[in-house]
Amino acid sequence: MPLFRGCDRAIVEELLDKMPGRSASYCKGEFLALQNDPCRSLFLLEEGRVQALITSEEGRELTFDVLTAPDVLASPFLFSSEALYPVSIVARSDCRAWILSRECVRSLLEQDRAVLHNFLTILSDHSIFLSIRLKEFALQTLSSRLLGYLEKNGAIQNLQQTAFVLGVTRPSLSRALAQLVRQGVIRRTAEGYVLV
């Protein structure tokens, strides 16, 4: 688990014995957290994959991120002044998470410098990721976002799912893909749309 890398195992185990968390299992499609709910705990994703969704008042959804175990969920929100989830966290597969209270996390950060360093690194990495995602949505065209998606994922097989991840309608995605095929930048294969 990234949060405990290089920690003093004796200190962490003693604290976790005094302030135990709880283990929770989630089925695919189940919510771990809902947007705008209070954030009182840190989720340590032990198994599975989750996605972070943002939902507008009109009901439009945007997949903001997909996280795979082992990972830390909700770290940027836990100690914020509002302490609310700005996103919903949904299981993309069957998952298991260890849930630690805010007080337990605070004690861990105070008692073990490695845990503090790891937590700060996780927060910083999440901040960088958020700024990159904001730049992608605010400044890049759909075509450039598609090319970035293909570079990262290799192929587009499911148009509906990709449209959901990119926050666009399926017809908009289809038009952009057709344009890139005409330009010779991508091609359609048995595996889906791929970069040329």
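User: Is Thr162 buried or exposed?
Analyst: This is a predicted model, to start with. In it, Thr162 has a relative accessible area of 2%. The cut-off for buried is under 20%, so Thr162 counts as buried.

User: Where is Thr162 found?
Analyst: Thr162 is in helix α6.

User: And what is Thr162 in contact with, leaving aside neighbours within four places in sequence?
Analyst: Tyr149, Ile156 and Leu173.

User: Which residues of α5 and α6 meet?
Analyst: From α5, Leu142, Arg145, Leu146 and Tyr149. From α6, Thr162, Val165 and Leu166. Of the residues in that contact, five are nonpolar, one is polar and one is charged.

User: At what angle do α5 and α6 pack?
Analyst: About 115°, and their axes are 11 Å apart. Angles of 65 to 115 degrees count as roughly perpendicular, so that is how α5 and α6 stand to each other.

User: Is the crossing of α5 and α6 left-handed or right-handed?
Analyst: Right-handed.

User: Switching to the sheet. What is the order of the strands?
Analyst: β1-β8-β3-β6, four strands in an open sheet with antiparallel pairing. β1 (22–26) and β6 (71–73) are at the edges. Each has a single partner strand, so one side of each lacks a neighbour in the sheet. From one strand to the next, the twist averages 30°.

User: How many bridges join β3 to β8?
Analyst: Six. Leu42, for one, has Leu100 in β8 as its bridge partner.

User: Which helix packs on the sheet?
Analyst: Helix α3 (residues 102–111) does, touching β3 and β8. The direction of α3 makes about 75° with that of β8.

Technical notes: Residues numbered from 1 in each chain as written. Predicted model: local features only at pLDDT ≥ 70, side-chain atom pairs only at ≥ 80, totals over all residues. Heavy atoms only, no water. Axes fitted to C-alpha atoms, helices over the stretch in contact; angles between N-to-C directions. Helix = DSSP H or I, 4+ residues; strand = E, 2+ residues; numbered from the N terminus. Parallel < 35°, antiparallel > 145°, perpendicular 65-115°, else oblique. Left-handed = near helix turned anticlockwise from the far one by under 90°. Contact = heavy atoms within 4.5 Å. Nonpolar A, V, L, I, M, F, W, Y, C, P; charged D, E, K, R; others polar. Buried < 20%, exposed > 50% of the residue type's maximum accessible area, 1.4 Å probe, protein only. Pairing = 2+ DSSP bridges.
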